[in-house]
Amino acid sequence: MTTATRGRRWIEHWTPEDDTFWATTGKKVARRNLWFSIFSEHIGFSIWSLWSVMVLFMGPKYGFSAGDKFLLTSTPTLVSAIARLPYTFAVAKFGGRNWTVVSALLLLIPSIAAAIVIEPGTPLWVFLLVAALGGVGGGNFASSMANINAFFPEKAKGMALGLNAGGGNLGVAVIQLIGLLVIATAGNNAPRIVLFVYLPLIVIAALCAYLFMDNIASMRNDGKGMREVVKESHTWVMSFLYIGTFGSFIGYSFAFGLVLQNQFGRTPLQAAAVTFLGPLLGSLSRPVGGWLSDRIGGGRITFWNFVGMAALTVLLIIASNAKSLALFTAAFIVLFVLTGIGNGSTYKMIPAIFRAKAKAAIAAGADETAELLNARKLSGALIGLAGAIGALGGLFINLAFRQSFMNTGSGVPAFVGFLVFYGICFVVTWAVYLRRSEVGDNQLALAGSRV
């Protein structure tokens, strides 16, 4: 199964769609790589969302306004969106296992830098620079998902990608929970304790990837997929939808605590006591979205999920105007759950789309092996591209909240904008993947239950 021509842990023969290979060899190897990928990605998400926790420690003596703090939480998201494209290519260039080791070690840079600068009196531009370094943690997601996509057969991709992404997303909730524990026990003057927890975990994640993960040799040609996938109309549709699902998850994860403080006057401890619940439940629901999509269809789950997200946003507007903290908090947490389900369903749709196209080409006489490899290549490329574009949703959400609070002192205008966006998303999902049509990619429109 392995070869020594390019070093240890390179797999030359990998055919997960072959049921015999999958049952005898593939499943065990794929699952081992999945669990250690989840661990590394989990730490990456924690470092990416570090500043959603650090701002809770930044009281009046830091001298920053609500707008400054929203800008601080926005910066890592922008850098992450940029980093995700080269991170996707890196898997094909260096190997999934090799790049996991490198990307984990890179997390030491923003963590150490944050420990150095987190002091009252440090200029905002220094904090913004260090926060930008944390964007590399979000890049881990793209490389991890592209790598795991190659390990699993189509029938298991929904659950595998959901577990990988959900386990990674949990990093947001875990670091926020650690921040809560630090504030509750040591006060809001000890932010470095959070960083001291993560520095050894980063080293452990890199070491585990080095010892227990593998590279798939056939992925070396996947780097060419980006040039091809940008020509696909589905690339831009799925990237748009992913802004609505993952962009909402990461944007709300970074902003939830600040919104509670500025709209309802919560203290840092009061805000931290509930903010971790949203990312936690959103992360746990992501595999559910993949599982449901494996059985019902990603298109159908995504459509109804966006309908639900729009309905919850209406509740958030009502709760904001009524100044009902209980209703607002409950609605926001349920909204987090739906962002997780939508994350799982949209990522299930990506490989299903190219698998459907490959099956159509095979039925028309094309070579089966070549078409299936091409489907994997294109879906891996789109996972990276959609992840990059989707991350921009987190940036837009935080900037929208920043402008909304600066102009009106309330998040309501931002929520109105989000409501309109979710409405567009469920209309697009229905029109492209569920509506019966006689034109375009008819096999996809008619197969909404499979895509």
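Me: Let's start with R32. How exposed is R32, by relative accessibility?
Reply: Keep in mind that this is a predicted model. Anything under 20% relative accessible area is called buried and anything over 50% exposed, with partly exposed in between. R32 has 24% relative accessibility, so R32 counts as partly exposed.

Me: And which residue does the side chain of R32 meet in a salt bridge?
Reply: To spot a salt bridge, look for a side-chain nitrogen of Lys or Arg within 4 Å of a carboxyl oxygen of Asp or Glu. Here R32 pairs with D214, at 2.8 Å from N to O. R32 sits in helix α1 (residues 19-48) and D214 in the loop between α9 (192-212) and β3 (215-216), so the bridge ties together parts that are 182 residues apart in sequence.

Me: Is D214 buried or exposed?
Reply: D214 is buried, since its relative accessible area is 2%. R32 and D214 also belong to a network of salt bridges that takes in R9.

Me: How many salt bridges are there by this rule?
Reply: The count is eight. One of them joins the side chains of E119 and R192, at 2.9 Å from N to O. E119 is in the loop between α5 (108-117) and α6 (124-133), while R192 is in helix α9, so this pair ties together parts 73 residues apart in sequence. As for accessibility, E119 is partly exposed at 37%, and R192 is partly exposed at 25%.

Me: What about E232 and K357: how far is it from N to O there?
Reply: That salt bridge is 3.8 Å from N to O. The pair links distant parts of the chain, with E232 in the loop between α10 (225-229) and α11 and K357 in helix α15 (residues 325-363), 125 residues apart.

Me: What is F328 in contact with, leaving aside its neighbours within four places in sequence?
Reply: Its contacts include F256, V259, L260, Q263 and F264, and also L316, A319, S320 and F415.

Me: How do I read a pocket? What volume does the largest pocket have?
Reply: Ask how much space there is, then who lines it. The volume is about 400 Å³. Of the 21 lining residues, T15, P16, E17, L372 and L373 are the closest to the centre. The elements giving two or more residues are α7 (136-151), α8 (154-186), α15 and α16 (368-408). The largest share, seven residues, comes from α16. By class, the lining has eight nonpolar, five polar and eight charged residues.

Me: How many cavities of 30 Å³ or more does a search of the whole structure find?
Reply: Three. The second largest cavity holds about 60 Å³ of space. Among the residues that line this cavity are S52, Q176, F254 and T275. Both α2 (50-57) and α11 supply at least two residues of its lining, and α11 gives the most, with four.

Me: How many charged residues are in the lining of the second largest cavity?
Reply: The lining has no charged residues; its members are four nonpolar and five polar.

Technical notes:
Residues are numbered from 1 along each chain as its sequence is written. This is a predicted model: local features need pLDDT of at least 70, side-chain atom pairs count only at pLDDT 80 or more; totals for chains, interfaces and linings use all residues. Side-chain values use heavy atoms; hydrogens and water are left out. Contact means heavy atoms within 4.5 Å. Buried means under 20% relative accessible area, exposed over 50%, partly exposed in between (1.4 Å probe, protein chains only). On a 1 Å grid over the protein atoms alone, a cavity is a set of points where a 1.4 Å probe fits but cannot get out, and a pocket is an open set with protein on both sides within 12 Å along at least five of seven lines; lining residues have an atom within 4 Å of a point. Grid points are joined across faces, edges and corners, and a volume is the space filled by probe spheres set on the points. Ala, Val, Leu, Ile, Met, Phe, Trp, Tyr, Cys and Pro count as nonpolar, Asp, Glu, Lys and Arg as charged, and the others, Gly among them, as polar.
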